[in-house]
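Have the viewer open as you read.

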Amino acid sequence: MSWGTRVRAAALLTGLGLADRTFRDKLAEATAGLAQAQAVVAQARAKQEAHALTVERQTNALAGARTGLTFAEDWLTAARDQFNRVNRKAEGLGGAPATDDELARRRREDPDLRRLEARIIELRTQVRDEELKLQALDKSPVAAEVGQAEAKVREVEAQIAAARSAIDLCLVKARSAGT
């Protein structure tokens, strides 16, 4: 712009050269950093959604294991009751009824009841494993990762605002319209 040129108020007259370029470089760098930070937020949110689905699947697996255990325990109780009824009746027909100690010994020796008891032990172990898996998922830092990524976006946005302000300070603008 030459001397005597007519200008409007707040028209850009000139920049301060090197300082202006330095701040524009910082602005470009911060803008690129913002795109990267926003991509990290998107990845963290996708990871958080996937984690929520994994927690839901694990919760369902735990519920299934608990249901299986309850069913097996009920089945064992019914089998023991049936065993006791059959053995008490059998003893009553041919002699003295079996004592509780004798029935307990026979139950320990019965292969069907032993298989059911072993299955219950397996199911209890399975329930505990599913509980531990769910606890491990609950301790996952996924939610914190989203918060950290969002904080980085805010930090970069502040850098952009600071760079723009610095650029504005390097520009010389007309105070009023005229020559």
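What follows covers the fold, the nonpolar cores, the salt bridges and the aromatic rings.

First, some ground rules. This is a predicted model, so local features need pLDDT of at least 70 and side-chain atom pairs count only at pLDDT 80 or more, while totals for chains, interfaces and linings use all residues. Residues are numbered from 1 along each chain as its sequence is written, and side-chain values use heavy atoms, with hydrogens and water left out.

**Layout**

The chain has 4 helices and 2 strands, taken as DSSP runs numbered from the N terminus (helices are H or I, at least four residues; strands are E, at least two). Along the sequence they come in the order β-α-α-α-α-β. If contact means heavy atoms within 4.5 Å, then 86% of the chain's contacts with a separation of 6 or more link residues 24 or more positions apart.

Buried residues make up 26% of the 179 in the chain. Here buried means under 20% relative accessible area, exposed over 50%, and partly exposed in between (1.4 Å probe, protein chains only).

**Cores**

A nonpolar core is a set of buried Ala, Val, Leu, Ile, Met, Phe, Trp, Tyr and Cys residues joined through side-chain atoms within 4.5 Å. The largest one has 14 residues, and Leu-69, Leu-76, Ile-120 and Val-127 touch the most other members. Helix H1 (18-94) and helix H3 (111-138) each supply at least two residues of this core. Val-127 touches Leu-62, Ala-65, Arg-66 and Leu-69, leaving aside residues up to four places away in sequence. Apart from this core lies another, of 13 residues, including Leu-27, Ala-149, Ile-160 and Ile-167.

**Salt bridges**

There are 13 salt bridges in the structure, each one a side-chain nitrogen of Lys or Arg within 4 Å of a carboxyl oxygen of Asp or Glu. Here are some of them:

| Pair | N to O distance |
|---|---|
| Glu-73 and Arg-124 | 3.0 Å |
| Arg-106 and Glu-102 | 3.0 Å |
| Lys-133 and Glu-130 | 3.8 Å |

What does the bridge between Glu-73 and Arg-124 tie together? Glu-73 sits in helix H1 and Arg-124 in helix H3, so the pair links parts that are 51 residues apart in sequence. Glu-73 is partly exposed at 26%, and Arg-124 is partly exposed at 46%.

Lys-133 and Glu-130 both lie in helix H3, 3 residues apart, about one turn of the helix. Lys-133 is partly exposed at 43% relative accessible area, whereas Glu-130 counts as buried at 10%.

Salt bridges that share partners also join Glu-102, Arg-105, Arg-106 and Glu-109 into one network. Within it, Arg-106 and Glu-102 both lie in helix H2 (residues 100-109), 4 residues apart and about one turn of the helix. Glu-102 is partly exposed at 23%.

**Rings**

Rings of Phe, Tyr and Trp (its six-membered ring) pair if their centres lie within 6.5 Å; planes under 30 degrees apart count as stacked, over 60 as edge-to-face and the rest as tilted. That rule gives 1 aromatic pair. The ring centres of Phe-71 and Trp-75 are 6.1 Å apart with planes at 45°, so the pair is tilted. Phe-71 and Trp-75 are 4 residues apart in helix H1, about one helical turn, and Phe-71 counts as exposed at 58% relative accessibility.
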